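Take a walk through this structure with the model open beside the text.

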Amino acid sequence: MAKAPVLTPQADDFPRWYQDLINKAELADNGPVRGTMVIRPYGYGLWERMQQEMDARIKGAGAQNAYFPLFIPQSYLTREAEHVEGFAPELAVVTHGGGKELEEPVVVRPTSETIINEYFSKWVQSYRDLPLLINQWANVVRWEMRPRVFLRTSEFLWQEGHTAHATYEDARDYAARIHREVYADFMVNVLGIDVVLGRKTPHERFAGAINTLTLEGMMGDGKALQLGTSHELGQNFAKAFDTRYLSKEGSRELVWQTSWGVSTRMVGGLIMAHGDDNGLRIPPRLAPVQVVVLAIKGDDAVLAKVREIGDELTAAGIRVQVDDRTDTPFGRRAVDWELKGVPARIEIGPRDLESGTAMLARRIPGGKEPVLLDALAGLLPTVLEEDQALLLRQSRERREERTSDVGSIEEAAEVATAGGWARIPWADLGPAGEAKLAEQSVSVRCLIAADGSVPDADDAPGTVAIVARAY
């Protein structure tokens with residue numbers, strides 16, 4: 001009788017595979033309140049690595065970290081009409097505290113444009129205070145009707161950047177810099193996901209923005225996932241909060257602003273972009289544990305060698321975990337590390353000691369091969385970089401193979417429904433076609449220029465719409 005698979009095969013039921021993997025790789029659990037999640041240590045370790053990589057890039061772009069309150073007076077949100085209208089269905093509102101009804105209800109932070117602008121209006125006095133570049137790592141609450149762990153939850157973790165500038169051009173260029181140098185660099189070179197950089201249509205823009213830049217990744221089932229956004233806010237919030245500066249010429253001017261963010265949704269994207277029927281495949285540059293060294297048996301000499309190899313690899317700059325839990329069967333441990341997607345396993349037993357070798361199992365391309373024990377520290381950095389490049393290449397090849405150029409709305413819907421992406425000239429689609437696609441649960445993920453770059457305007461000549469089903 002055939003042994004049942006550890007995970008539901010992707011081809012049978014991709015959503016079930018996703019949920020199985022989250023559970024069996026010990027990434028997260030559902031929280032006690034519908035739509036919330038408990039992130040388990042291994043899943044949080046992935047988020048911590050994302051934070052570290054992102055935080056370094058954000059600071060490299062000149063932003064500083066700060067923190068703003070979780071509770072926002074409801075009156076703040078009503079100052080920017082389009083913003084509050086866009087978030088109204090998702091708001092969680094507190095009306096009582098300390099056993100009494102509050103004089104003014106407070107909103108649990110859905111995003112922080114309003115409260116941050118309240119303080120920007122105090123902090124910005126003259127052109128010398130600009131640009132003001134602030135980022136915060138925080139949790140937010142957006143009441144979710146159809147929750148999915150990591151992808152759509154009522155509470156999630158993220159970073160949100162907020163900036164104020166003296167000119168439109170400076171704000172526009174900074175939003176584009178975050179889009180390209182922070183988000184795209186991280187997603188391509190660390191997550192190993194070959195994202196498409198584009199511009200959101202007016203219908204899909206962030207509430208209160210004049211332009212939204214997006215990064216879209218193709219998941220293993222051909223659907224699109226928005227992995228991050230960078231917004232030009234224009235002067236909408238500056239007008240609402242009277243955020244002005246004294247110019248060099250002595251006039252009082254409204255600032256120009258941006259906001260931008262990525263969230264724990266990236267963990268879900270990582271799972272769906274790279275995972276296979278055996279579990280996760282974690283890009284080596286991201287992996288909290290790049291190499292696990294396993295003792296096959298509880299032999300004293302084996303245990304000593306396993307720990308010695310662990311120390312050598314750590315000294316070589318590799319993130320290592322030694323697995324010497326020989327009271328747990330080796331096969332079970334190997335399957336567990338396979339599920340967790342650790343890029344490389346070094347398996348050592350008594351016979352390996354006799355031959356001076358270890359078995360190297362590579363998670364990303366698959367397969368095993370014997371390697372000299374003395375060669376491991378020199379070999380593994382090269383192996384990890386090869387496997388990092390392989391994941392990115394596979395991501396790019398999947399997107400290219402499953403993207404089709406089409407000439408009609410009907411063809412675009414057909415391609416998206418079949419599990420691919422469609423490219424169609426925006427001039428042939430337009431807002432009316434976008435609305436027609438939405439009736440079939442298909443959306444315009446972004447607009448790109450004919451050469452694949454980000455267009456300067458929605459109606460720029462040659463602009464192409466990327467159409468897909470989305471998470």
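A pocket is found on a 1 Å grid over the protein atoms alone: it is an open set of points with protein on both sides within 12 Å along at least five of seven lines, while a cavity is a set of points where a 1.4 Å probe fits but cannot get out. Lining residues have an atom within 4 Å of a point. Grid points are joined across faces, edges and corners, and a volume is the space filled by probe spheres set on the points.

This is a predicted model, in which local features need pLDDT of at least 70 and side-chain atom pairs count only at pLDDT 80 or more, while totals for chains, interfaces and linings use all residues. Residues are numbered from 1 along each chain as its sequence is written, and side-chain values use heavy atoms, with hydrogens and water left out.

Start with the second largest pocket. It holds about 300 Å³ of space. Its lining has 14 residues, and A176, L213, V454, P455 and D456 are the closest to its centre. Helices here are DSSP runs of H or I with at least four residues, strands are runs of E with at least two, and both are numbered from the N terminus. Helix α6 (168-189) and strands β9 (196-199) and β10 (211-218) each supply at least two residues of this lining. α6 gives the most, with 5 residues. What is the lining of this pocket made of, by class? It divides into 7 nonpolar, 2 polar and 5 charged residues. In this scheme Ala, Val, Leu, Ile, Met, Phe, Trp, Tyr, Cys and Pro count as nonpolar, Asp, Glu, Lys and Arg as charged, and the others, Gly among them, as polar.

The largest cavity has a volume of about 30 Å³. Its lining is E113, I116, N117, F120, H162, L233, Q257 and T258. Helix α5 (113-123) and strand β14 (256-263) each give at least two of the lining residues. The largest share, 4 residues, comes from α5. By class, this lining has 3 nonpolar, 4 polar and 1 charged.

Follow the chain on from α5. P131 lies in the loop between α5 and β7 (132-141). A cis peptide bond joins L130 and P131, with omega about -5 degrees. The loop between β7 and β8 (155-165) holds F150. Phi of F150 is near 75 degrees, a positive value in a residue other than glycine.

Next comes a pair of helices. Two packed helices are described by the angle between their axes and the distance between the axes. Axes are lines fitted to C-alpha atoms, for helices over the stretch in contact, and angles run from 0 to 180 degrees between N-to-C directions. The axes of α1 (residues 14-24) and α8 (residues 265-274) come within 11 Å and cross at roughly 115 degrees. Which residues make the contact? F14, W17, Y18, L21 and I22 come from α1, and G268, I271 and M272 from α8. Contact means heavy atoms within 4.5 Å. The contact has 7 nonpolar residues, 1 polar and no charged ones.

The sheets come last. Strands of a sheet pair through backbone hydrogen bonds, either parallel or antiparallel. Here two strands pair if DSSP finds at least two bridges between them. Antiparallel β5 and β6 (residues 100-108) are joined by 4 bridges. V94 stands opposite V106 in β6.

Another open sheet has 5 strands in the order β16-β15-β17-β18-β19, with mixed pairing. Its edge strands, β16 (320-323) and β19 (368-372), each pair on one side only. Its twist averages 25 degrees from one strand to the next. β18 (residues 357-362) and β19 run antiparallel, joined by 5 bridges. L360 stands opposite E369 in β19. These two strands form a hairpin with 5 residues between them, and G366 in the turn has a positive phi of about 85 degrees.

Helix α9 (residues 300-315) lies across β15 (291-295), β16 and β17 (344-348), and runs at about 170 degrees to β15. Helix α12 (residues 376-401) lies across β15, β17, β18 and β19, and runs at about 10 degrees to β18.
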